[in-house]
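This briefing concerns the model shown below. Please keep the sequence and the structure at hand while reading.

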Amino acid sequence: MKKYLRTLSLSLLASSLLFSATPIFAQKLDNPSIHAFDNKVIKKIDVENIYGNVAYFANSIGARVAGTENEKKTVDYIAAQFKQFGYDQVEIQPFEFIQGYKAPTKTTFTVDGQAFDVGAFGYSSNTQGDITGELVYIGLGKLEDVEGKDLTGKIALIKRGDIAFTEKVKNAKEAGAVGVVIFNNTSAPFNSSLGASETNLPTVSMSGTLGEELVNILENGSLSATLTIEGAEIMKGTSHNVIATKKPHPKHDTGQVIILGAHHDSVAVGTGASDNASGTAVLLEAARVLANTQTDTEIRFITFGAEERGLLGSRFYAQNMSDEDIERTVGMFNMDMVGSKNSGEKLVMFTYDGKENTVTTLGNSAGSRLHEPVPFNQVGRSDHQPFTEVGIDAAVFSYAPLEPEYHSPGDVLELISKDKLLMTAEVIIASIYHAARPDTPALQRAKVAPVLIPAEKDEDVKL
Ligand SMILES: [Zn+2]
């Protein structure tokens, strides 16, 4: 079922190219019925609603960092809005995430009784008492460096460079090591962090001078080392996704699902007006406009938490979808930063894999009918990425290049453009309605149905 639209788009495109006397772009100029097709939904859009919600998020609430009171306020407001629009299936979906790390109170490392200066890596585990074991040098700690080695109960000595610290530690752990010492590739000591995780090995950093000293000794003999890390704490927080589900008409149900998403959290600086009160507010307006419009496709409106912590809410949602649910989902439309006066003028799309898909085709088709074509290029970095990772066609809509106020105190309501909010809302809502309206399975026979125009890839479109 997931391939349905794709097949449709190809056959439609082929037939329009073969049998249409006028070029497909002429359609928007000389065929008023095409506007009638979109007008059913886009005439209902009120940009003042969108702007009002951006103002509410940015000014009445302010920064909406995942796991804070402000995020919870935002989540409750969004859920209340969905209910007010008439949705009875509204879910607030909590998920835990790692919010921070409290450095250890004690970090020591001794080799054959002699103390060495070390620093603990961020997100290192505690040693739960002392760890004593043979110190083994494994070069850069790459996969080939540990291949065939049994490091069970040993402490791995690894040189900095080439691959991420987290990867070095993971490789050592998989080979059985119980602790890791990473030394610098210059003489100086250094401090760094592993990826936020509760399962990192106890890991410390060391200067290049000390590290090379140990490597030299190990060339001609063996060493026993003791590592102690105490008092480190991994702090947990709870963030939330908010999901409103619009069920299809029971007698006209394609069994398909379309997801519209936007993250509601923000970074701590600024008020997150563009990033991403704008996308969240357009999503709310789409939910309002489509609430009482009959569709043959289930539409899920989802605002995600903790996007700014690494796409955590969208990944939690996508990873918890069943295979059947994934199979039924024909497209995921994501909006991120869709309203700054200072971003580029062009509405654009990005896919994580750099390939066109159902979403880019629907988006470009709607843009071509209503305004202008919407090109796409390759970028992940937002909530469409986890959906692509599980095999769902997905794209993010944004304006490129991004405004200079991105993730800065300058991301405020005063820089929000109503024109851009409206353009986004029109293209998004028309795209979704194109696929979800009850006559689309018979698209080829519906005289007013617009053709599908695959989006052009434009490598010059950059964030
Ligand atoms: Zn964002």
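N276 is located in helix α9, and the peptide bond that leads from D275 to N276 is cis, with omega near 5 degrees. The model is predicted: local features need pLDDT of at least 70 and side-chain atom pairs count only at pLDDT 80 or more, while totals for chains, interfaces and linings use all residues. Residues are numbered from 1 along each chain as its sequence is written, and side-chain values use heavy atoms, with hydrogens and water left out. Helices (H or I, at least four residues) and strands (E, at least two) are DSSP runs, numbered from the N terminus.

- Distant parts of the chain are linked by the pair H263, in strand β11 (residues 257–263), and D275, in helix α9 (residues 273–290), which are 12 residues apart.
- H263 and D275 are both buried; buried means under 20% relative accessible area, exposed over 50%, and partly exposed in between (1.4 Å probe, protein chains only).

**Backbone features**

- Most residues other than glycine have a negative phi, and most peptide bonds are trans.
- A400 and P401 are joined by a cis peptide bond with omega about -5 degrees; P401 lies in the loop between β16 (394–400) and α14.
- Y123, which is not a glycine, has a positive phi of about 70 degrees. Y123 belongs to the loop between β4 (119–120) and β5 (131–137) and counts as buried because its relative accessibility is 12%.
- D162 also has a positive phi, near 70 degrees, and sits in the loop between β6 (155–159) and α7 (165–174). D162 counts as exposed because its relative accessibility is 64%.

**Helix packing**

- The axes of helix α4 (residues 47–61) and helix α14 (residues 418–436) come within 10 Å and cross at roughly 115 degrees. Axes are lines fitted to C-alpha atoms, for helices over the stretch in contact, and angles run from 0 to 180 degrees between N-to-C directions.
- V47, E48, I50, Y51 and V54 of α4 meet K418, L421, L422 and A425 of α14, where contact means heavy atoms within 4.5 Å.

**Two buried strand residues**

- T228 lies in strand β9 (residues 224–230) and is buried, with a relative accessible area of 3%. Not counting residues up to four places away in sequence, T228 touches K106, T107, T108, T127, G129 and D130.
- I98 is placed in strand β1 (residues 90–102) and is buried at a relative accessible area of 16%. Beyond neighbours within four places in sequence, the contacts of I98 include Y123, I234 and R309.
- C-alpha to C-alpha, I98 and G67 are 9.8 Å apart in space and 31 residues apart in sequence.
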